[in-house]
Amino acid sequence: MGVLEKVKGSARAAKPADVALPLDSILMSDCIAAMRSLPAKSIDMIFADPPYNLQLGGDLNRPDGSHVDAVTDEWDKFDSLSAYDKFTREWLAEARRILKDDGSIWVIGSYHNIFKVGSAIQDLGFWILNDIIWRKANPMPNFKGTRFTNAHETLIWASTGEKAKYTFNYRSMKTLNDELQMRSDWEFPICGGQERLKKDGYKVHPTQKPEALLYRILLAATKKGDVVLDPFFGTGTTGAVAKRLGRRWIGIEREPNYCAAALERIEAALPLDESALTTMQAPKAAPRVAFGQLVENGFLAAGTPLFDAKRRHIALVGADGSLKCGDTSGSIHKVGATLQNAPSCNGWTYWHFETEGSLKPIDALRQTYLLATQP
């Protein structure tokens, strides 16, 4: 297939504007060569998890002598720091070329490489918007006891320039954080349990990122239908989350075993309901109404059953405005999120009530209430 080998995922029909893009597929190639094949100003957001150039001096063992499955792969090794600098600037230059003017880039790294990446980002004309600290709830301990436990990684979020516009779903982030402004220190556990991909008892990829991390990034900085590129695709975390959130994705990965694992994983990913993808409106556009106010004022009686759009779940309305579905109870947002195994949910559009034999979102009742109560 030439230099680029395209591995197709569960793609949807391309719109005329994006026919030239290999949407929902993996380019099995070197990342710089693959990015050079993409049109300029064609990508809405880039998430990059590049090699960290860890410079490990040998095998790492626990105090009991057991081996630590660390990053010892060839793709993380560079002959010198200057070689790593050259590689970093080359792929970032291509990233800048293919980003739309209102696009943004996220790069994650450790203390081994993130300062070099940050310097290159600024030298190439990007404008740093935030550095985000991913604080690991369960970091690997420092077995030798010679340093502090390395318990975090850093993400750099940057726009294409100081005056450039970019997507930031502020309201969604505030809703996700229980109506508080989202801070720049995020706590997630490292990838483990059923989410950690393994083959024959070993990790498929040594630095697989948790889906919750990518979920927050994509929810914050993209819109439904946006094209997200991951030039270091690995086992496809970005693609799986993009599919769930209704975003298009392009992955670049040169290791065949990672590509195979990524495709299998993305095929199994289930998109969220259409109603759950609705971005929260700005406060001025949507005056705050508590669900309990509808119950208090008789717009919805306690004990009324609510359904998701496909009638897969039934929840009963409590007298205090809570919902109960089986063993799950809480707010309309919390219960909806729990049932979908998602970090957040807009309960106003997820839950529906039955009227005249059809389902309507409870947001229709909220609008009726607003019309009746607003001057």
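Let me start with Phe168, which in this predicted model counts as partly exposed, with a relative accessibility of 39%. Its partner in a ring pair is Trp157, and that residue, by contrast, is buried, because its relative accessible area is 5%, under the 20% that marks the cut-off.

Now to the geometry of this pair. A pair of aromatic rings is described by two quantities, the distance of the centres and the angle of the planes. For Trp157 and Phe168 the centres lie 5.6 Å apart and the planes meet at 50°, so the pair is tilted, given that stacked would require an angle under 30 degrees and edge-to-face an angle over 60.

Stepping back, the structure holds twelve aromatic pairs, and ring pairs link Trp157 and Phe168 into a cluster together with Trp106, Tyr166, Tyr170 and Trp186.

Finally, a word on charges over rings. Lys136 lies over the face of Trp134, at 5.3 Å from the ring centre, and Arg366 lies over the face of Trp348, where the corresponding distance to the ring centre is 4.4 Å.

Terms used:
Residues are numbered from 1 along each chain as its sequence is written. This is a predicted model: local features need pLDDT of at least 70, side-chain atom pairs count only at pLDDT 80 or more; totals for chains, interfaces and linings use all residues. Side-chain values use heavy atoms; hydrogens and water are left out. Rings of Phe, Tyr and Trp (its six-membered ring) pair if their centres lie within 6.5 Å; planes under 30 degrees apart count as stacked, over 60 as edge-to-face and the rest as tilted. Buried means under 20% relative accessible area, exposed over 50%, partly exposed in between (1.4 Å probe, protein chains only). A charge sits over a ring if NZ of Lys or CZ of Arg is within 6 Å of the ring centre and within 35 degrees of the ring normal.
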